[in-house]
Amino acid sequence: MFTLVRSRVRTAALALAAVAALAFGTTATTGAAAAPAPAPAPTKQGPTSVAYVEVNNNSMLNVGKYTLANGGDNVFDVAVIFAANINYDAGKKEAYLHFNENVQRVLDNADTEIRPLQQKGIKVVLSVLGNHQGAGFANFPSQQAASAFAKQMSDTVTKYGLDGIDFDDEYAEYGNNGTGQPNDSSFVHLVTALRANMPDKIISLYNIGPAASRLSYGGVDVSSKFDYAWNPYYGTWQVPEISLPKSKLSPAAVEIGRTSQSTTADLARRTVSEGYGVYLTYNLDGSDRSADVSAFTRELYGSDAVYAP
(Lines give C-alpha, C1' and ligand atoms only; values in the text may rest on other atoms or scores of the structure.)
Protein backbone atom coordinates (compact mmCIF):
# COMPACT_ATOMS: atom_id res chain seq x y z
CA MET A 1 0.00 0.00 0.00
CA PHE A 2 1.35 3.38 -0.88
CA THR A 3 1.87 6.17 1.60
CA LEU A 4 -0.36 9.19 0.93
CA VAL A 5 1.23 11.78 3.18
CA ARG A 6 4.43 12.20 5.12
CA SER A 7 4.85 12.50 8.82
CA ARG A 8 4.85 16.18 9.57
CA VAL A 9 7.50 18.19 11.32
CA ARG A 10 6.33 18.93 14.83
CA THR A 11 7.30 22.35 16.08
CA ALA A 12 7.19 23.66 19.63
CA ALA A 13 4.36 26.05 20.38
CA LEU A 14 6.38 28.06 22.86
CA ALA A 15 6.16 31.81 22.72
CA LEU A 16 9.93 32.08 22.92
CA ALA A 17 10.35 30.08 19.72
CA ALA A 18 7.82 32.26 17.95
CA VAL A 19 9.58 35.41 19.06
CA ALA A 20 12.91 34.04 17.87
CA ALA A 21 11.47 33.10 14.52
CA LEU A 22 9.86 36.49 14.13
CA ALA A 23 13.14 38.18 14.89
CA PHE A 24 14.82 36.14 12.19
CA GLY A 25 12.09 36.84 9.69
CA THR A 26 12.37 40.60 10.04
CA THR A 27 16.10 40.99 10.45
CA ALA A 28 18.11 41.84 7.36
CA THR A 29 20.75 39.36 6.34
CA THR A 30 24.20 40.65 7.24
CA GLY A 31 26.12 38.71 4.63
CA ALA A 32 26.02 35.72 2.31
CA ALA A 33 27.48 32.39 3.33
CA ALA A 34 30.80 31.45 1.80
CA ALA A 35 30.40 29.63 -1.51
CA PRO A 36 31.25 25.92 -1.43
CA ALA A 37 34.33 24.70 -3.25
CA PRO A 38 33.73 23.74 -6.89
CA ALA A 39 32.40 20.20 -7.23
CA PRO A 40 33.72 17.67 -9.71
CA ALA A 41 31.68 17.45 -12.89
CA PRO A 42 29.40 14.41 -12.85
CA THR A 43 29.73 11.84 -15.61
CA LYS A 44 26.53 9.85 -15.00
CA GLN A 45 23.77 9.99 -17.56
CA GLY A 46 20.10 9.85 -16.60
CA PRO A 47 17.38 11.49 -14.50
CA THR A 48 17.97 13.82 -11.57
CA SER A 49 17.59 11.91 -8.28
CA VAL A 50 16.10 13.73 -5.29
CA ALA A 51 16.26 12.74 -1.60
CA TYR A 52 14.10 14.26 1.13
CA VAL A 53 15.57 13.89 4.61
CA GLU A 54 13.53 14.20 7.82
CA VAL A 55 16.12 16.11 9.83
CA ASN A 56 14.19 15.60 13.08
CA ASN A 57 15.51 12.05 12.93
CA ASN A 58 18.27 11.80 10.33
CA SER A 59 21.40 13.52 9.06
CA MET A 60 21.59 15.36 5.76
CA LEU A 61 25.02 13.77 5.31
CA ASN A 62 23.34 10.44 4.54
CA VAL A 63 22.57 11.77 1.07
CA GLY A 64 26.27 11.90 0.24
CA LYS A 65 26.98 8.32 1.30
CA TYR A 66 25.69 6.72 -1.91
CA THR A 67 27.66 6.49 -5.12
CA LEU A 68 27.32 4.46 -8.29
CA ALA A 69 29.41 1.30 -8.49
CA ASN A 70 30.11 2.13 -12.12
CA GLY A 71 31.97 5.43 -12.22
CA GLY A 72 31.64 6.55 -8.62
CA ASP A 73 29.25 9.45 -9.23
CA ASN A 74 26.77 10.57 -6.58
CA VAL A 75 23.48 8.71 -6.65
CA PHE A 76 21.58 11.79 -5.49
CA ASP A 77 21.68 15.18 -7.17
CA VAL A 78 19.35 17.16 -4.90
CA ALA A 79 19.00 16.88 -1.10
CA VAL A 80 15.94 18.42 0.54
CA ILE A 81 15.98 19.58 4.16
CA PHE A 82 12.57 18.58 5.53
CA ALA A 83 11.30 20.95 6.75
CA ALA A 84 11.00 24.57 7.78
CA ASN A 85 7.51 25.91 8.49
CA ILE A 86 5.25 28.75 7.51
CA ASN A 87 3.87 29.88 10.87
CA TYR A 88 1.40 32.62 11.80
CA ASP A 89 1.66 35.51 14.26
CA ALA A 90 -1.97 36.08 15.24
CA GLY A 91 -1.11 39.39 16.92
CA LYS A 92 0.55 40.90 13.88
CA LYS A 93 -1.61 38.90 11.46
CA GLU A 94 1.50 37.92 9.52
CA ALA A 95 3.02 34.72 8.26
CA TYR A 96 6.64 34.11 9.16
CA LEU A 97 9.32 31.52 8.41
CA HIS A 98 10.05 29.25 11.36
CA PHE A 99 12.76 26.64 12.00
CA ASN A 100 12.34 23.99 14.65
CA GLU A 101 15.44 23.13 16.67
CA ASN A 102 16.54 20.38 14.28
CA VAL A 103 16.24 22.46 11.12
CA GLN A 104 17.98 25.35 12.90
CA ARG A 105 20.79 23.00 13.91
CA VAL A 106 21.35 21.95 10.30
CA LEU A 107 21.40 25.56 9.14
CA ASP A 108 23.65 26.77 11.96
CA ASN A 109 26.08 23.94 11.18
CA ALA A 110 26.06 24.45 7.43
CA ASP A 111 29.82 23.96 7.24
CA THR A 112 29.47 20.37 8.43
CA GLU A 113 25.87 19.51 7.44
CA ILE A 114 25.44 21.23 4.05
CA ARG A 115 28.83 22.17 2.55
CA PRO A 116 30.10 18.56 2.37
CA LEU A 117 27.15 17.72 0.11
CA GLN A 118 27.59 20.80 -2.04
CA GLN A 119 31.29 20.07 -2.39
CA LYS A 120 30.31 16.74 -3.90
CA GLY A 121 28.03 18.49 -6.37
CA ILE A 122 24.76 17.82 -4.54
CA LYS A 123 22.32 20.73 -4.39
CA VAL A 124 20.76 21.40 -0.98
CA VAL A 125 17.24 22.81 -0.90
CA LEU A 126 15.05 23.84 2.05
CA SER A 127 11.47 22.57 2.08
CA VAL A 128 8.83 24.84 3.64
CA LEU A 129 5.71 23.22 5.09
CA GLY A 130 2.48 24.36 6.77
CA ASN A 131 2.19 24.03 10.54
CA HIS A 132 -1.53 23.91 11.46
CA GLN A 133 -1.62 27.64 12.23
CA GLY A 134 -3.71 28.84 9.28
CA ALA A 135 -0.82 30.32 7.32
CA GLY A 136 -0.11 28.81 3.92
CA PHE A 137 1.21 29.71 0.52
CA ALA A 138 -2.29 30.11 -0.89
CA ASN A 139 -3.86 32.65 1.47
CA PHE A 140 -1.64 35.70 1.58
CA PRO A 141 -4.09 38.62 1.71
CA SER A 142 -2.02 40.89 -0.54
CA GLN A 143 0.87 40.97 -2.97
CA GLN A 144 2.87 42.87 -0.34
CA ALA A 145 2.38 40.10 2.22
CA ALA A 146 3.39 37.43 -0.29
CA SER A 147 6.49 39.40 -1.27
CA ALA A 148 7.48 39.84 2.38
CA PHE A 149 7.41 36.09 2.95
CA ALA A 150 9.30 35.48 -0.29
CA LYS A 151 12.02 37.77 1.04
CA GLN A 152 12.29 35.76 4.25
CA MET A 153 12.84 32.62 2.19
CA SER A 154 15.36 34.14 -0.22
CA ASP A 155 17.23 35.77 2.69
CA THR A 156 17.49 32.33 4.28
CA VAL A 157 18.91 30.85 1.09
CA THR A 158 21.50 33.61 0.98
CA LYS A 159 22.36 33.55 4.67
CA TYR A 160 22.98 29.80 4.84
CA GLY A 161 24.34 29.25 1.35
CA LEU A 162 21.49 27.03 0.20
CA ASP A 163 20.58 26.11 -3.37
CA GLY A 164 16.88 26.82 -3.28
CA ILE A 165 13.39 26.43 -1.82
CA ASP A 166 10.83 23.63 -2.04
CA PHE A 167 7.11 24.35 -1.56
CA ASP A 168 4.98 21.77 0.30
CA ASP A 169 1.41 23.01 0.87
CA GLU A 170 0.35 20.53 3.55
CA TYR A 171 -0.87 21.02 7.12
CA ALA A 172 -1.63 24.72 6.74
CA GLU A 173 -5.18 24.27 8.06
CA TYR A 174 -6.41 27.35 6.26
CA GLY A 175 -8.83 29.37 8.39
CA ASN A 176 -7.17 28.71 11.74
CA ASN A 177 -6.36 31.81 13.81
CA GLY A 178 -8.77 33.84 11.71
CA THR A 179 -6.75 33.40 8.53
CA GLY A 180 -8.35 33.44 5.11
CA GLN A 181 -9.19 30.58 2.82
CA PRO A 182 -7.03 29.97 -0.28
CA ASN A 183 -7.28 32.62 -2.97
CA ASP A 184 -6.20 32.64 -6.60
CA SER A 185 -3.54 35.36 -6.42
CA SER A 186 -1.49 34.40 -3.35
CA PHE A 187 0.80 31.66 -4.68
CA VAL A 188 1.32 33.43 -8.00
CA HIS A 189 2.51 36.54 -6.17
CA LEU A 190 4.72 34.46 -3.85
CA VAL A 191 6.45 32.45 -6.57
CA THR A 192 6.88 35.51 -8.79
CA ALA A 193 8.57 37.42 -5.98
CA LEU A 194 10.76 34.49 -4.95
CA ARG A 195 11.96 33.90 -8.50
CA ALA A 196 12.78 37.60 -8.85
CA ASN A 197 14.78 37.43 -5.61
CA MET A 198 16.74 34.31 -6.60
CA PRO A 199 16.83 33.97 -10.38
CA ASP A 200 19.55 31.32 -10.38
CA LYS A 201 18.37 29.12 -7.51
CA ILE A 202 16.12 26.05 -7.44
CA ILE A 203 12.39 26.43 -6.82
CA SER A 204 10.58 23.09 -6.62
CA LEU A 205 6.96 22.09 -6.09
CA TYR A 206 5.74 19.16 -4.05
CA ASN A 207 2.56 18.91 -6.08
CA ILE A 208 -0.08 18.92 -3.36
CA GLY A 209 -2.52 21.27 -1.65
CA PRO A 210 -4.43 24.39 -2.70
CA ALA A 211 -1.30 26.22 -3.84
CA ALA A 212 -0.44 23.55 -6.41
CA SER A 213 -3.75 24.08 -8.19
CA ARG A 214 -3.46 27.88 -8.25
CA LEU A 215 -0.56 28.58 -10.58
CA SER A 216 -2.19 31.19 -12.78
CA TYR A 217 -3.69 34.60 -11.98
CA GLY A 218 -4.23 37.85 -13.83
CA GLY A 219 -2.66 36.56 -17.00
CA VAL A 220 0.46 35.33 -15.17
CA ASP A 221 1.25 31.61 -15.12
CA VAL A 222 4.13 30.76 -12.77
CA SER A 223 4.58 27.18 -13.96
CA SER A 224 7.74 28.03 -15.88
CA LYS A 225 9.29 29.60 -12.78
CA PHE A 226 9.71 26.15 -11.18
CA ASP A 227 12.77 24.03 -11.78
CA TYR A 228 11.06 20.81 -10.71
CA ALA A 229 7.67 19.42 -9.73
CA TRP A 230 6.99 15.96 -8.34
CA ASN A 231 4.31 13.49 -7.40
CA PRO A 232 3.61 13.57 -3.62
CA TYR A 233 2.17 10.05 -3.29
CA TYR A 234 4.81 7.44 -2.48
CA GLY A 235 4.69 4.15 -4.28
CA THR A 236 2.68 5.57 -7.16
CA TRP A 237 2.98 7.07 -10.63
CA GLN A 238 1.27 10.43 -11.14
CA VAL A 239 2.35 13.11 -13.61
CA PRO A 240 2.22 16.56 -11.94
CA GLU A 241 -0.33 18.78 -13.67
CA ILE A 242 1.99 21.67 -14.38
CA SER A 243 3.26 23.09 -17.65
CA LEU A 244 6.87 21.98 -17.42
CA PRO A 245 8.87 19.78 -19.79
CA LYS A 246 9.24 16.10 -18.92
CA SER A 247 12.87 16.75 -17.98
CA LYS A 248 11.68 18.70 -14.92
CA LEU A 249 8.96 16.33 -13.73
CA SER A 250 8.93 13.30 -11.44
CA PRO A 251 5.78 11.21 -11.84
CA ALA A 252 7.50 8.54 -9.72
CA ALA A 253 7.73 8.86 -5.94
CA VAL A 254 9.07 6.29 -3.49
CA GLU A 255 9.63 6.11 0.25
CA ILE A 256 12.94 4.41 0.87
CA GLY A 257 12.50 1.37 3.09
CA ARG A 258 8.70 1.31 2.70
CA THR A 259 8.07 1.22 -1.04
CA SER A 260 8.92 -2.29 -2.21
CA GLN A 261 12.07 -2.75 -4.26
CA SER A 262 10.02 -4.19 -7.11
CA THR A 263 7.77 -1.10 -7.22
CA THR A 264 10.81 1.14 -6.88
CA ALA A 265 12.41 -0.55 -9.88
CA ASP A 266 9.18 -0.50 -11.92
CA LEU A 267 8.74 3.23 -11.35
CA ALA A 268 12.37 3.90 -12.29
CA ARG A 269 12.03 1.81 -15.43
CA ARG A 270 8.92 3.73 -16.41
CA THR A 271 10.67 7.05 -15.72
CA VAL A 272 13.31 6.15 -18.31
CA SER A 273 10.99 4.55 -20.86
CA GLU A 274 8.59 7.50 -20.84
CA GLY A 275 11.34 10.12 -20.93
CA TYR A 276 10.94 11.87 -17.58
CA GLY A 277 13.90 13.63 -16.04
CA VAL A 278 13.46 13.42 -12.27
CA TYR A 279 13.09 10.58 -9.72
CA LEU A 280 11.84 11.45 -6.23
CA THR A 281 12.70 9.61 -3.01
CA TYR A 282 11.69 10.34 0.56
CA ASN A 283 12.92 9.54 4.06
CA LEU A 284 16.51 8.52 3.49
CA ASP A 285 17.79 7.48 6.92
CA GLY A 286 21.15 6.44 8.38
CA SER A 287 20.83 2.72 7.65
CA ASP A 288 22.53 1.00 4.75
CA ARG A 289 19.77 1.32 2.15
CA SER A 290 21.93 0.30 -0.78
CA ALA A 291 19.55 -2.50 -1.77
CA ASP A 292 16.60 -0.10 -1.94
CA VAL A 293 18.66 2.54 -3.70
CA SER A 294 20.12 0.04 -6.16
CA ALA A 295 16.58 -0.94 -7.12
CA PHE A 296 16.22 2.41 -8.89
CA THR A 297 19.83 3.17 -9.82
CA ARG A 298 20.06 0.00 -11.91
CA GLU A 299 17.12 1.25 -13.98
CA LEU A 300 18.08 4.93 -14.07
CA TYR A 301 21.86 4.66 -14.47
CA GLY A 302 22.67 1.03 -15.23
CA SER A 303 24.60 0.59 -12.00
CA ASP A 304 24.21 -0.65 -8.44
CA ALA A 305 24.57 1.82 -5.59
CA VAL A 306 27.39 1.61 -3.07
CA TYR A 307 26.96 2.79 0.53
CA ALA A 308 29.92 4.25 2.43
CA PRO A 309 29.18 4.84 6.14
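This report describes the fold, core, aromatic pairs and local backbone features of a predicted model.

## Basis and overall composition

Residues are numbered from 1 along each chain as its sequence is written. Because the model is predicted, local features need pLDDT of at least 70 and side-chain atom pairs count only at pLDDT 80 or more, while totals for chains, interfaces and linings use all residues; side-chain values use heavy atoms, without hydrogens and water.

The chain contains nine helices and 15 strands, where helices (H or I, at least four residues) and strands (E, at least two) are DSSP runs numbered from the N terminus. Of its 309 residues, 54% are buried. Buried means under 20% relative accessible area, exposed over 50%, and partly exposed in between (1.4 Å probe, protein chains only). Among contacts with a separation of 6 or more, 78% are between residues 24 or more positions apart; contact means heavy atoms within 4.5 Å.

## Helix α2

Helix α2 spans residues 101-108, and its buried residues are Asn 102, Val 103, Val 106 and Leu 107. They cover an arc of only 140° around the axis, which puts them on the same side of α2; the arc is that of the directions from the helix axis to the C-beta atoms. An α-helix has 3.6 residues a turn, so residues three or four places apart point the same way. Exposed Glu 101 and Asp 108 are carried on the face turned away from the buried side of α2.

The cover over the buried residues of α2 includes β3 (78-89), α3 (110-113), β5 (123-130) and α5 (143-160). The N-terminal end of α2 is capped by Asn 100, which has a side-chain oxygen 3.1 Å from the backbone nitrogen of Asn 102.

## Nonpolar cores

A nonpolar core is a set of buried Ala, Val, Leu, Ile, Met, Phe, Trp, Tyr and Cys residues joined through side-chain atoms within 4.5 Å. The largest has 75 residues, of which Phe 76, Ile 81, Phe 149, Phe 167, Phe 187, Leu 190 and Phe 226 touch the most other members. Leaving aside residues up to four places away in sequence, Phe 76 touches residues including Val 50, Val 63, Tyr 66, Ile 256, Leu 284 and Phe 296. A second, separate core of 18 residues includes Ala 83, Tyr 206, Tyr 228 and Tyr 234.

## Aromatic pairs

Rings of Phe, Tyr and Trp (its six-membered ring) pair if their centres lie within 6.5 Å; planes under 30 degrees apart count as stacked, over 60 as edge-to-face and the rest as tilted. The count by this rule is 17 aromatic pairs. One of them joins Tyr 66 and Phe 76 edge-to-face, at 6.2 Å centre to centre and 90° between the planes. Tyr 66 lies in strand β2 (residues 66-68) and Phe 76 in the loop between β2 and β3, so this pair ties together parts 10 residues apart in sequence. Both Tyr 66 and Phe 76 are buried.

The rings of Phe 82 and Tyr 282 have centres 6.2 Å apart and planes at 85°, so this pair is edge-to-face. Phe 82 belongs to strand β3 and Tyr 282 to strand β14 (residues 278-282), so the pair ties together parts 200 residues apart in sequence. Phe 82 is buried at 0% relative accessible area, and Tyr 282 is buried at 2%. Ring pairs also link Phe 82 and Tyr 282 into a cluster with Tyr 52, Tyr 206, Tyr 228, Trp 230 and Tyr 234.

## Asp 166 in strand β6

Asp 166 lies in strand β6 (residues 164-168) and is buried, with a relative accessible area of 0%. Its side chain makes a polar contact of 2.9 Å with the side chain of Ser 127. A polar contact is a pair of N or O atoms within 3.5 Å; within protein, one must be able to donate a hydrogen and the other to accept it, and residues adjacent in sequence count only if both atoms are side-chain atoms. Beyond residues up to four places away in sequence, Asp 166 touches Tyr 52, Tyr 206 and Trp 230, among others.

## Backbone features

Most residues other than glycine have a negative phi, and most peptide bonds are trans. A cis peptide bond, with omega about 0°, joins Phe 82 and Ala 83; Ala 83 is found in strand β3.

His 132, not a glycine, has a positive phi of about 65°. This residue is in the loop between β5 and α5 and is partly exposed at 24% relative accessibility. Tyr 171 likewise has a positive phi of about 65°; Tyr 171 lies in the loop between β6 and α6 (186-197) and is partly exposed at 22% relative accessibility.
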